[in-house]
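Please look over the sequence and the fold shown below before reading on. The briefing that follows goes through the chain topic by topic.

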Amino acid sequence: SSGINAEYGEDGDKTSKDQDQDDDDDDSTSGGIPCEEDQVLDAIASDELDCHKDEDDLETGQYGAIKFSLQYDPIEQMLNVKVFSGHKLKPMDVGGTSDPYVKCTLIPGHLKATKLKTSRKECDLNPIFNEKLTYHGIFESDIKTKMVKLTVLDYDRMTKNDMIGTTTVPLLGLVPQQQHVYAEILKAPVDETHEASAVVDRGRIQISLYYQANQELKVTIVRCSMLMVPGSDNLPNPIVKVNIKPSLKRNKFKRKTEIIKQTSNPEFGPKAKFTYDISSTDIESNDRCLEVTVYDCTGLKRLSYIGGVVLGKESSGTARSHWRDALSSCGHRVTRWHMLEGPSTSGVGECSSLELTDPNVQESTLSPAAP
């Protein structure tokens, strides 16, 4: 696996050549954001952190060691995983070296939907990564129940990438806004082919509402996180539909985003802003609700249902409070994350029948609707 090969793009990601061999190389999991090197080195050297040992004194075991940090931001609902470095990694190539990169997943959870990875380093058993991998839409319930799994892999040009070693750290105990630094000895790699990924987590969606006293509601679909079609192992091509119900005129309030290709973590951009002209009396009625549904465009204009959420007075939890806070905060943008639900679990009175639409609905067109 030594040397740079032409099948890597300028950004260090692999092309489709390896997609049949290795599911660790799709476009949604490119290298992380580089960290400020001085800050990283200062953090590692600090006596206040767990990772203050000298490199030569760090126990590595048979597979090597990895230095990283975890930081949870409950306000932005983000989990930052900063991968600093690997140390004395096990050589996997004939030449006595490796081309390592680090894959990060959340467990329990779908392996592909929660996968992020660093860039790879050429011929280096002591790689310096200094990259930040960020999970969006992380709830406090995730911190209590999930773990971060880091797997170090060696890139191979002609064969499936080799797993060097792995480590798992529970999120329980993370102090909000505080950086927790770890120096972990890697354990024997485990074949992930048969690991259970049947956790029913359809993903999360971030929605922004802005209500003006002049009878105008602005809905922005900001992004989705960790999307995956239940029962599928393929990365989705997500599209989001937005609708205000009930509506006396067909398609009066229907809007949709453009399709984002091959990702579990789409960001929709400025085209995902929709404006509705609706009276204050109408929007504050008990049966009025906002229906947001996410689909996977599987080709030939066919959509597979991923999940949805209904915001309204008759909703519950975050969906209800988001709607209520937006209407009571005229002139102020209110942005929240929501868990995507299946069609039988929305529980929103008349709106709950969705009307979360048939998973195999046929569309006459998939172009974005005009705002």
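Two residues are in contact when they have heavy atoms within 4.5 Å of each other. The model is predicted: local features need pLDDT of at least 70, side-chain atom pairs count only at pLDDT 80 or more, and totals for chains, interfaces and linings use all residues. Residues are numbered from 1 along each chain as its sequence is written, and side-chain values use heavy atoms, with hydrogens and water left out.

**The chain as a whole**

- The secondary structure comes to 5 helices and 17 strands; helices (H or I, at least four residues) and strands (E, at least two) are DSSP runs, numbered from the N terminus.
- The chain has 371 residues, of which 51% count as buried; buried means under 20% relative accessible area, exposed means over 50%, and partly exposed lies in between (1.4 Å probe, protein chains only).
- Taking contacts between residues at least 6 apart in sequence, 69% join residues at least 24 apart.

- Val81 lies in strand β3, which covers residues 78-87.
- Val81 counts as buried because its relative accessibility is 0%.
- Neighbours within four places in sequence aside, Val81 touches Ser69, Leu70, Cys104, Glu131, Lys132, Leu133, Tyr135 and Leu150.
- Leu116 is 35 residues from Val81 along the chain, and their C-alpha atoms are separated by 9.7 Å.
- Ile306 belongs to strand β16, residues 302-312, and it is buried because its relative accessible area is 0%.
- With neighbours within four places again set aside, the contacts of Ile306 include Arg202, Leu227, Met228, Val229, Pro230 and Leu340.
- The C-alpha atoms of Ile306 and Gly342 are 7.7 Å apart, although 36 residues separate the two along the chain.

**Backbone features in loops**

- A cis peptide bond with omega of about -5 degrees joins Ile107 and Pro108; Pro108 sits in the loop between β4 (100-107) and β5 (116-117).
- Another cis peptide bond, with omega of about -10 degrees, joins Lys245 and Pro246; Pro246 sits in the loop between β12 (238-245) and β13 (255-256).
- Gln177 is not a glycine, yet its phi is positive, near 70 degrees; the residue is placed in the loop between β8 (162-170) and β9 (180-185).
- Gln177 is partly exposed because its relative accessible area is 41%.
- Gln262 also has a positive phi, about 50 degrees, without being a glycine; it is found in the loop between β13 and β14 (273-277).
- Gln262 counts as partly exposed because its relative accessible area is 35%.
- Pro270 lies in the loop between β13 and β14, and it counts as exposed because its relative accessibility is 68%.

**Cysteines**

- How many disulfides does the structure hold? The count is 0, where a disulfide is a pair of cysteine sulfur atoms within 2.5 Å.
- Cys123 counts as partly exposed because its relative accessibility is 39%.
- Cys297 counts as buried because its relative accessibility is 7%.

**Cavities**

- There are 3 cavities of 30 Å³ or more in the structure; on a 1 Å grid over the protein atoms alone, a cavity is a set of points where a 1.4 Å probe fits but cannot get out, and lining residues have an atom within 4 Å of a point.
- The largest cavity has a volume of about 70 Å³; grid points are joined across faces, edges and corners, and a volume is the space filled by probe spheres set on the points.
- That largest cavity is lined by 11 residues, and the closest to its centre are Gly109, His110, Thr114, Asp201 and Met226.
- Its lining divides into 5 nonpolar, 3 polar and 3 charged residues; Ala, Val, Leu, Ile, Met, Phe, Trp, Tyr, Cys and Pro count as nonpolar, Asp, Glu, Lys and Arg as charged, and the others, Gly among them, as polar.

Key
1 Å grid on protein atoms, 1.4 Å probe; cavity = no way out; pocket = protein on both sides within 12 Å on 5 of 7 lines; lining within 4 Å.
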